[in-house]
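Dear colleague,

I am handing over the structure below for your attention.

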Amino acid sequence: MSDEPGTQDTPAGSPEVGGPRPEPIRFFGTTWLHHDNGYAFRRVGAAAGSLAAAVTSCLILRFAYEGLQIADTGSFVTVLVIAMFAICSALAFRNTWDGFAKRPDPDRQASLRGLLAIGFVGSLLAYFFRSLMEAPGERLHREEYETALREYEKRSARRTGNPSKKKRRR
């Protein structure tokens with residue numbers, strides 16, 4: 001145990017005395033494992049929150065677009081800004097959606113950080129659509145947990161008796 005109450009030194013996915021523990025998911029904790037303790041309400045809240053954030057973000061982007069119109073920057077700059085947000089949002093959506101199915105590469109994530117920041121609306125929409133189906137990342141965490149559980153059970157299965165004293169069939 002660590003010095004702080006309620007925390008442990010071992011990470012969430014590591015095996016312990018009772019086997020591996022499920023890794024918590026943001027906003028859901030470990031409720032995704034058995035769909036208990038308000039899991040359905042959390043999914044509804046995550047979906048509604050991400051949709052509300054996406055709508056609010058679109059309104060803020062509209063104010064930015066109106067600012068470009070007031071500044072009279074020209075149609076080229078306006079089209080360029082709209083294309084930039086559309087392309088970055090599409091790439092952010094795809095990257096976020098793929099991140100729910102497999103662990104993202106940290107180096108690639110670091111190199112895409114600016115693009116993902118510009119395309120934040122796409123990430124919010126991906127989170128919204130995934131929340132309609134399951135807790136975002138639940139399938140990935142479930143597969144990893146079940147694999148760790150199978151490996152733990154395989155490692156902890158003990159043989160009975162001494163194998164050198166086993167009778168041989170003739």
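Of the 170 residues in the protein chain, 25% are buried. Please bear in mind throughout that this is a predicted model.

The protein chain contains six helices and two strands. Followed along the sequence, these elements give the pattern β-β-α-α-α-α-α-α. Among contacts between residues at least 6 apart in sequence, 66% join residues that are at least 24 apart.

Helix 1 and helix 2

Helix 1 covers residues 39-71 and helix 2 covers residues 75-99; their axes come within 10 Å and cross at roughly 165 degrees. That angle is over 145 degrees, which means that helix 1 is roughly antiparallel to helix 2. The crossing of helix 1 past helix 2 is right-handed. From helix 1, the residues that make the contact are Leu61, Tyr65, Leu68 and Gln69, while helix 2 contributes Thr78, Val81, Ile82 and Phe85. Sorted by class, the residues of this contact are six nonpolar and two polar, with no charged residue.

The loop between helix 1 and helix 2 holds Asp72. The phi angle of Asp72 is near 55 degrees, a positive value in a residue other than glycine. Asp72 has a relative accessible area of 66% and is therefore exposed, the cut-off for that class being over 50%.

Helix 1 and helix 5

Helix 5 consists of residues 120-133, and its axis comes within 8 Å of the axis of helix 1, with a crossing angle of roughly 155 degrees. These two helices are therefore also described as roughly antiparallel to each other. Helix 1 passes helix 5 in a left-handed crossing.

The residues that meet here are as follows:

- On helix 1: Arg43, Ala46, Ala47, Ser50, Leu51, Ala53, Ala54, Ser57, Cys58 and Leu61.
- On helix 5: Phe120, Val121, Leu124, Leu125, Tyr127, Phe128, Ser131, Leu132 and Met133.

By class, the contact of helix 1 with helix 5 has 15 nonpolar residues, three polar residues and one charged residue. Leu61 of helix 1 takes part in this contact, and Leu61 is also listed in the contact with helix 2.

Gly49 lies in helix 1 as well. With a relative accessibility of 37%, Gly49 counts as partly exposed. Gly49 and Phe128 are 79 residues apart in sequence, yet their C-alpha atoms are 8.1 Å apart in space.

Helix 2 and helix 5

The axes of helix 2 and helix 5 come within 7 Å and cross at roughly 40 degrees. That makes helix 2 oblique to helix 5. The crossing of this pair is right-handed. Helix 2 makes the contact through Ser89, Ala92, Phe93, Thr96 and Trp97, and helix 5 through Val121, Gly122, Ser123, Leu125, Ala126, Phe129, Arg130 and Met133. The residues of the contact divide into eight nonpolar, four polar and one charged.

Two residues deserve mention in the loop between strand 2 and helix 1. Pro24 is placed in that loop, with strand 2 spanning residues 19-20. Pro24 is partly exposed, at a relative accessible area of 46%. His141 is 117 residues from Pro24 in sequence, but the C-alpha to C-alpha distance between them is 8.5 Å.

Phe27 is placed in the loop between strand 2 and helix 1 too. The phi angle of Phe27 is near 75 degrees, which is a positive value in a residue other than glycine. The relative accessible area of Phe27 is 54%, and Phe27 is therefore classed as exposed.

To conclude, the helix pairs described above are helix 1 with helix 2, roughly antiparallel; helix 1 with helix 5, roughly antiparallel; and helix 2 with helix 5, oblique.

With kind regards

Notes: Residues numbered from 1 in each chain as written. Predicted model: local features only at pLDDT ≥ 70, side-chain atom pairs only at ≥ 80, totals over all residues. Heavy atoms only, no water. Axes fitted to C-alpha atoms, helices over the stretch in contact; angles between N-to-C directions. Helix = DSSP H or I, 4+ residues; strand = E, 2+ residues; numbered from the N terminus. Parallel < 35°, antiparallel > 145°, perpendicular 65-115°, else oblique. Left-handed = near helix turned anticlockwise from the far one by under 90°. Contact = heavy atoms within 4.5 Å. Nonpolar A, V, L, I, M, F, W, Y, C, P; charged D, E, K, R; others polar. Buried < 20%, exposed > 50% of the residue type's maximum accessible area, 1.4 Å probe, protein only.
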